[in-house]
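Have a look at the picture before reading on.

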Amino acid sequence: MLPYGRQSIDSDDVAAVTAVLGSDWLTTGPAVTRFESDLSARSGGHGVVAVTSGTAALHVAYAAAGVGPGDDVVASPLTFVATASAAALLGARVVFADVAPDTGNLDPDAAKAALTPATKVISGVDYAGHPIDAAPLREIAHDAGALLLEDAAHSVGGRWQGRPVGDLADLTTLSFFPTKNLTTAEGGAVVSPSDELVAGARAFRNHGLVRDRDALRFPDEGPWHQEVHAFGLNYRLPDVLAALGSSQLTRLDAFTARRAQIHARYDAALADVAEVRTPSRREGAEPAWHLYPLRVLDGRRRELFEFLRGRGIGVQVNYVPAYWHPVFADLGYERGLCPVAEEYYRRQISLPLFPALADDDVDRVSSLVREFFGYGS
């Protein structure tokens, strides 16, 4: 089975991890500090907090933003459920807003219409690797006294209007799952230009522990003294995984370029197939493509999915709208809430896309899609 995504590991990655295994630090050590610094250099030079997953990054970011009971978070539904569930776990109400029909990203007009007096954060998702339309979303958020969060799980290494992902929003969350654009096996990060938000993220990542002598609220018991002023969790990324991340970052440009080549090859091969729509790219976008989200226009998405799976092509669908999950249905969310996102989902199928994918495999997948719709190779 040809997978839809796969990690790209080489001997340098293995050596980086092995070196940490022979060191004095397996976690909370210098490899984490280096990884955060390396990520900062690729994310606008801002503060970075490495965590254990993309979901942890969302949870940490919302906590740093002060999201809690009585707050609303406006979010895109065309995403993995964590974009919404991480806010709900903190007690917030998620208000879903529809997406743009071309990119599948949060539509600024829909986000503005979804605002309430309780809105604390607007969360846009870089669907498939295409950056959000950050300027209007940021303006809408700030005018409402809210923050803009960019869920950039798909787009580390991407750029929008000349600015890198990580430099577009008040909070940016990254994911380093194996199928993503770089990997730490499991891992994620929070990026922010705000020192206050970075400090909040660091505290929540580490149980909320306070060790600064000037900040202690009770008499100092000795060198071991530490306090918890607000609850947090253990979301610390180990040095072993951080070392893998730093090694992977040295090849991020090559990964991004190869993904773009594969993307363009699919585009060219499927351009004349009237029954599908190839992914859109807006002017000013330099996507770090994570997915190739083909849309099937004739209602035969499931048939194509099963046809390709039956021939060893590991296609996927990304994603069931977040509020379709029973956990949200049980809270009163109903289908039909975001019709553009629902129609996008009904048509979407992700073709294989990862740096090691050979041109011959791209051509084989394309030929099978063409065959399904009755086109010659």
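What radius of gyration would a compact globule with 377 residues have, and what does the protein have? For a compact globule of that length the value would be near 21 Å, and the protein has 21 Å, which agrees. Keep in mind that this is a predicted model.

Now for the overall build. The protein holds 13 helices and 15 strands, and its C-alpha atoms fill a box of roughly 80 × 50 × 35 Å along the principal axes. Of the 377 residues, 55% count as buried. Among contacts between residues at least 6 apart in sequence, 70% join residues at least 24 apart.

Next, let's turn to the aromatic rings. A pair of aromatic rings is described by the distance of the centres and the angle of the planes. The protein has 12 aromatic pairs. In one of them, the ring centres of Phe-80 and Tyr-319 are 6.5 Å apart and the planes meet at 55 degrees, so this pair is tilted. Phe-80 sits in the loop between strand 2 and helix 4, while Tyr-319 sits in the loop between helix 10 and helix 11, 239 residues apart. Phe-80 is partly exposed, at 49% relative accessibility, whereas Tyr-319 is buried, at 14%.

Phe-96 and Phe-328 form an edge-to-face pair, with 5.5 Å from centre to centre and 80 degrees between the planes. Because Phe-96 lies in strand 3 and Phe-328 in helix 11, the pair ties together parts 232 residues apart in sequence. Phe-96 is buried, with a relative accessible area of 7%, and Phe-328 is buried with 3%. Together with Tyr-323 and Tyr-333, these two residues form one aromatic cluster.

How values were computed
Residues are numbered from 1 along each chain as its sequence is written. This is a predicted model: local features need pLDDT of at least 70, side-chain atom pairs count only at pLDDT 80 or more; totals for chains, interfaces and linings use all residues. Side-chain values use heavy atoms; hydrogens and water are left out. Helices (H or I, at least four residues) and strands (E, at least two) are DSSP runs, numbered from the N terminus. The radius of gyration is taken over C-alpha atoms; the globule rule is 2.2 Å times the number of residues to the power 0.38. Buried means under 20% relative accessible area, exposed over 50%, partly exposed in between (1.4 Å probe, protein chains only). Contact means heavy atoms within 4.5 Å. Rings of Phe, Tyr and Trp (its six-membered ring) pair if their centres lie within 6.5 Å; planes under 30 degrees apart count as stacked, over 60 as edge-to-face and the rest as tilted.
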